[in-house]
Structures are given as structure tokens and as C-alpha cells.
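Please consider the model shown below together with its sequence. The paragraphs after it lead from the whole chain to individual elements and residues.

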Amino acid sequence: MPVFTRSRHTPQDAPDTTTEADGGDAPEAPDDPAASDTPSPAAKGPRLTGRVRAWRAAHPTAVRVLRVTLTVLCAALVLGALLLPNGPNTVRPAQFLRLPAEAIVGAAVLLALPGRRWRTAVAVPTGVALGALTTLNLLDIGFKEYLGRGFNVVLDWELLDDARSYQKDTMGGAATTAATVGIVVALLLLFAALVLATLRLGELLARHRTVATKGTLVAGTVWITCSTLGLQIAGVPLAADRGADTLTTQTRRVKATLRDEAAFAKEAGQDAFGATPPAQLVPDLRGRDVLFTFIESYGRSALEDPLIAPGVTSTLDARTEALQKAGFHAKSGWLTSATYGGSSWLGHSTFLSGLWIDNQQRYRTVTASDHLTLTKVFQKTGDWRTVGIVPGVQKGWPESRFFGLDHVYDAFRLGYEGPKFSWSTMPDQYALEAFQRLEHGKEHDKPLMAEIILTSSHQPWAPIPSMVGWDELGDGRIFEGIEEAGADPKEVVPDSDRSKEEYGKSVAYSVTSLTEWLERYGGEDTVLVFLGDHQPIPRVSGDNASRDVPVSIVAKDPEVLEKIADWNWADGLRPLADTPVWKMDTFRDRFLTAYGSTPHPSGK
């Protein structure tokens with residue numbers, strides 16, 4: 001029996017089946033497979049069951065409501081992706097009441113396409129692009145919340161692994177795995193939903209071509225008017241181009257990153273003290289133990305924020321008095337860190353290299369060079385034994401060669417058998433006592449230069465260790481009860497005021513540990529330089545906080561502090577509000593000059 005199909009030609013006298021509801025397009029495929037004697041390939045696929053078709057026929061109103069609801073959700077999803085801000089404090093309702101230029105342009109493009117295949121070819125990558133746009137904006141929000149800066153698509157992917165490690169240390173392995181899987185699934189669903197939403201909206205525009213064309217023209221006119229007149233709602237411009245702005249911002253960051261790479265490599269090759277003979281480096285510190293100590297997240301907010309400062313400043317004042325009774329004196333100032341909220345190694349390398357290391361690319365460039373660091377100066381002289389006490393390092397650390405460290409004690413070489421305190425592998429008091437046991441308390445034929453990186457004030461600031469008797473530290477198991485009784489990170493992290501309170505306690509603990517160690521073990525020839533590496537995250541330091549950190553130099557010998565008398569630093573461990581503020585990268589050269597080093601530049 002012959003099979004009859006629809007003719008490819010329409011008789012001239014046949015009625016035009018294209019209606020305005022069809023948007024002026026000839027039907028590209030029948031809505032009902034039964035309308036064709038020969039099923040198309042699509043019709044051979046999954047079909048609605050008879051029961052579902054019957055339900056649709058019996059409930060036309062519900063079907064219309066579902067279709068309208070789905071369309072509204074698709075439009076809301078696409079508009080939300082286009083209007084999502086990239087800052088944690090700019091996500092407000094008014095931001096989502098704007099008219100995005102990209103939606104108008106997208107509608108115009110889809111309306112201009114001749115058929116479904118073309119619309120699909122454009123809608124699918126558009127949906128993927130919207131997913132990528134949303135992901136970038138969410139990453140920007142996260143990075144600004146924790147690091148005070150936007151996400152760099154060239155440099156910052158590896159920091160996501162660090163974030164996962166931090167999450168694991170804070171919340172546990174199971175919770176981290178669940179969160180990671182959840183994020184991946186959510187992103188996949190987001191991309192899929194945006195692709196499907198774009199496809200549906202494209203077909204909707206095609207079915208109602210005349211109305212959609214008029215609406216697009218009206219929307220374009222309104223956008224131009226709002227943009228020209230600067231019309232706003234709740235202080236937010238009605239005319240939006242967030243998608244284009246995000247693309248422009250990211251492109252600008254990429255270009256700046258690529259330009260900076262070559263420029264910084266040249267800068268790192270130039271060094272005011274790079275060719276200085278060993279005998280002419282820090283002659284005024286010969287015979288002294290010199291300790292450069294970083295206190296994690298010890299920032300200016302710890303001394304000035306109303307909720308944090310009282311406990312920290314009282315600790316600094318009490319420890320200043322205790323040190324004075326032990327014969328020590330101190331001077332303190334401010335340094336502006338190259339990083340904020342995290343990425344502590346950028347602050348460490350900036351302070352020690354005398355170069356501004358504010359991103360991962362610069363860090364990799366400088367640590368692969370032979371640039372002279374402040375710590376390597378002491379190694380270069382041949383008159384010091386140089387060591388690193390780095391309890392936060394839990395994997396290979398090849399950068400130790402760049403910093404000029406003869407021997408490194410990481411998290412696994414300090415003999416600690418007690419519990420971790422969230423991210424911090426061990427309490428600062430224990431790390432300092434281990435330094436005393438392994439290095440400082442031993443007889444040496446040379447004085448020591450040590451780089452010490454303390455970690456107890458690392459976020460999430462829960463649980464926090466407490467001081468115990470120095471003679472009771474043992475292998476650290478004494479802290480098991482203290483860790484168990486400490487605050488739960490899950491209770492501290494979401495609460496800004498609680499985070500501030502616990503942060504202040506952690507800084508007070510770190511300062512107390514360090515200064516008690518100095519009071520107990522420091523001698524006439526001990527010189528301690530300690531500072532914060534960066535401010536804590538914005539949730540604690542504040543949205544408009546500076547990047548300043550305190551820095552102090554402590555010694556018994558008055559001559560050590562007399563060398564820096566012209567720095568105009570404040571007496572004691574607490575810098576004052578009007579104490580000079582220097583960029584952190586200027587400290588190296590100032591310190592080397594103050595203690596007798598003679599500049600001999602290297603590089604061109």
C-alpha cells in the first residue's frame with residue numbers, strides 16, 4: 001500500500017497556514033506526530049503516553065499555567081544570569097529590576113535567524129556562555145568576600161584547590177567531599193538549565209515573531225532612553241550591561257596579567273643589594289640571633305576595630321610591660337601588605353624580597369629567580385645558620401631555597417603528636433617550643449637566622465588553643481582536651497561578630513606565645529622582627545579596611561633600636577594611629593641600610 005506524504009508544494013490557491021501566532025514562520029515540524037502519515041525521526045523517539053495526553057486534554061488551563069510558569073522561570077534565569085552583580089555587597093533586589101542590553105541584542109539576533117536549526121546553533125552556545133558568565137560572577141563574589149579582590153582567570157584556578165584543602169581542615173573530609181560534589185552538580189545543572197532556557201525563549205520569540213519584534217524595538221528604545229537620561233531605581237541605573245562589563249573586566253585583567261609578566265621579570269632581575277659582597281651585608285647584626293616571624297592575619301583591624309581591639313591592645317600593652325621587665329624594648333610601625341584576607345605567601349615574599357608580590361604569577365617568577373631575599377642575606381654572609389619553622393607547610397616547599405634556608409622544619413618535622421586546630425596543624429606555643437628544642441636551645445658555632453610562620457590565628461579561628469605551662473608541652477598531646485572544648489567552626493564562620501571575637505582571641509594568643517617565648521628564651525643578642533602577613537577577611541576586617549599590618553622590632557641591646565630611631569616608629573608593641581605607614585616591599589632595603597649594608601646594584 002503506498003504511503004502518502006505532504007506535498008512539498010502548496011497550490012497557489014491554498015490558504016496561508018502561517019498565522020501571527022506562528023510568528024510568520026512556516027511550521028518547521030508538526031506539534032502532533034499523528035498529523036503526519038510518516039513519522040519523522042523525532043516522532044520515533046520518546047512520546048507522551050496516552051495518559052499524559054489525556055490529562056493535557058482534560059486540563060487545558062493547568063497546561064497553560066505550567067507553560068507560562070516555565071517560560072517565566074526561563075526568562076528569570078536568563079535575566080538573573082545577565083544581571084547578577086560580582087560583589088558580595090551589591091546583590092540587592094534593585095540589581096535584578098534592570099533592563100539588560102545583552103537580552104535585547106540576543107532577542108534581536110534570534111529573531112533574525114531563518115529557522116530552528118540556526119536558532120539552536122546560536123542558543124546552545126549562548127546558554128553555555130551565560131553559565132560561564134554566572135560562574136565568573138560567583139567566583140568574583142567569593143574572592144572579594146575572602147581575598148578582597150576579583151577572580152583572575154589566568155592565575156587563580158589553583159587557589160580553588162587551596163580553598164578545598166582549607167574546607168577539609170575546617171569542616172572535615174566528608175563535608176568537603178559532599179560540598180565539592182554539590183557544587184559540581186549545581187554548576188552542571190546551571191549550565192544545562194541556561195541552555196534549555198535559551199532554547200525555549202528562542203522558540204517562543206519565533207512563534208510570536210511580530211509581537212516579539214515590536215517588543216524588542218520598544219525595549220531597545222527604553223534602554224537607550226534610560227542610559228541617556230541616567231534613570232535609576234534605588235540608586236541603580238535602569239539600563240544595564242553587566243554581561244559586557246564582566247567580559248570587559250576579565251579581558252582587562254587577562255591583558256594586564258600578560259603585560260605584567262614580562263615587566264615584573266625585568267624588575268625582579270634588578271636588585272639594589274644584589275651584588276653586595278657578603279662582608280658588606282648587615283655588619284651591625286653580626287653575632288646576633290635574628291628572627292623574622294609572621295603572625296597569620298595579624299592586621300590593623302585587630303588594633304582598631306571596636307569589637308576586636310580591646311582584647312588585642314590590652315594584650316599588646318601587657319606584653320610590652322612584661323618584656324620591659326625582662327630587659328627588652330620594642331618599636332612598632334605599619335606596613336601595607338600586598339595581599340588581603342589570604343594568600344599569606346604573597347605577604348611573606350613581598351616583605352622578604354623587597355618586591356611587590358600581589359599575585360601568583362609574580363610569586364612564581366620571583367621564587368624561580370636568584371633575587372636576594374632578606375633571609376637569604378644572612379645565608380649569603382656565611383656567618384649565620386638559617387632555618388625555617390613552617391608548621392603550615394604540609395607538602396614539598398621548593399621555595400625554601402629562594403628564601404635562603406639551610407634547614408626547614410615543616411608540619412611533620414616538629415615532633416607534634418597533638419590535635420589539629422582546624423587549618424592550623426599545631427598551636428603556636430608548641431611550634432616555638434619545638435624551635436627552642438631543635439635549634440635555638442642548642443649550641444652552635446654560628447648565630448641563628450630563623451624565618452618563623454605562626455598559624456594559630458588562621459581562619460576560621462575555631463577552636464583556638466590556650467596557653468599551657470611551657471614545661472608541660474611535651475609532644476603536644478596536652479592540647480587534646482583544649483581542642484575538644486574549643487568552639488565549633490560551623491558556629492563561628494557564619495556569624496561575623498562571633499568571628500571577630502574569636503579572631504581577636506587568636507591574635508592575642510599568638511602574640512602572647514611569641515613574646516612569652518622571647519621573655520623565657522631570648523638573650524642579649526636576640527633580635528625579633530615580627531609582623532602580620534595581611535588583614536583578615538572582609539567579614540572580620542570590614543568592607544573598606546586598609547591593607548595595613550603591624551610590625552615590631554624587639555631587642556635587649558639598645559643599639560639595635562637606635563639604628564632605626566629615624567624611622568619614627570612608636571615605642572612598645574603597639575603602633576599608633578599616626579605612626580608612619582610604609583609599603584611592605586620597602587622594608588627590606590630600609591632594614592638592610594639601617595644595619596650597615598652597602599648597596600651594590602645587580603641587573604640592568
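Predicted model: local features only at pLDDT ≥ 70, side-chain atom pairs only at ≥ 80, totals over all residues.

Residues are numbered from 1 along each chain as its sequence is written, and side-chain values use heavy atoms, with hydrogens and water left out.

The chain contains 20 helices and 13 strands, where helices (H or I, at least four residues) and strands (E, at least two) are DSSP runs numbered from the N terminus. Of its 604 residues, 48% are buried; buried denotes under 20% relative accessible area, exposed over 50%, and partly exposed the range in between, with a 1.4 Å probe and protein chains only. The accessible surface amounts to about 28800 Å², and carbon and sulfur atoms account for 58% of that area. These areas come from the Shrake-Rupley method with a 1.4 Å probe, and for residues only the protein chains shown count as cover. Considering contacts (heavy atoms within 4.5 Å) between residues at least 6 apart in sequence, 77% join residues at least 24 apart.

Helix α8 (residues 242-268) packs against helix α12 (residues 360-367) at an angle of about 30°, and their axes are 10 Å apart. Because angles under 35 degrees count as roughly parallel, over 145 as roughly antiparallel, 65 to 115 as roughly perpendicular and the rest as oblique, α8 is roughly parallel to α12. Here the axes are lines fitted to C-alpha atoms, for helices over the stretch in contact, and angles run from 0 to 180 degrees between N-to-C directions. The contact is formed by T257, D260, E261, F264, A265 and E267 of α8 together with Q361, R362, T365 and V366 of α12. By class, the residues of this contact comprise 3 nonpolar, 3 polar and 4 charged; Ala, Val, Leu, Ile, Met, Phe, Trp, Tyr, Cys and Pro count as nonpolar, Asp, Glu, Lys and Arg as charged, and the others, Gly among them, as polar.

Attention now turns to A309, which lies in helix α10 (residues 309-325). A309 is buried, its relative accessible area being 9%. Apart from residues up to four places away in sequence, A309 touches A302, L303, E304 and S314.

Helix α11 (residues 344-353) is largely enclosed by the rest of the structure, because 9 of its 10 residues are buried. Among the buried residues of α11 are H348, F351 and L352. In the loop between β6 (329-336) and α11 is S343, a residue other than glycine with a positive phi, near 55°. S343 counts as buried, at 11% relative accessibility. After α11 comes G354, whose phi is also positive, near 75°.

The peptide bond from Q459 to P460 is cis, with omega near 20°. W461, in the loop between β9 and α15, has a positive phi near 65° and is a residue other than glycine. W461 is buried, with a relative accessible area of 2%. P463 is likewise placed in the loop between β9 and α15, and the peptide bond from A462 to P463 is cis, with omega near -10°.
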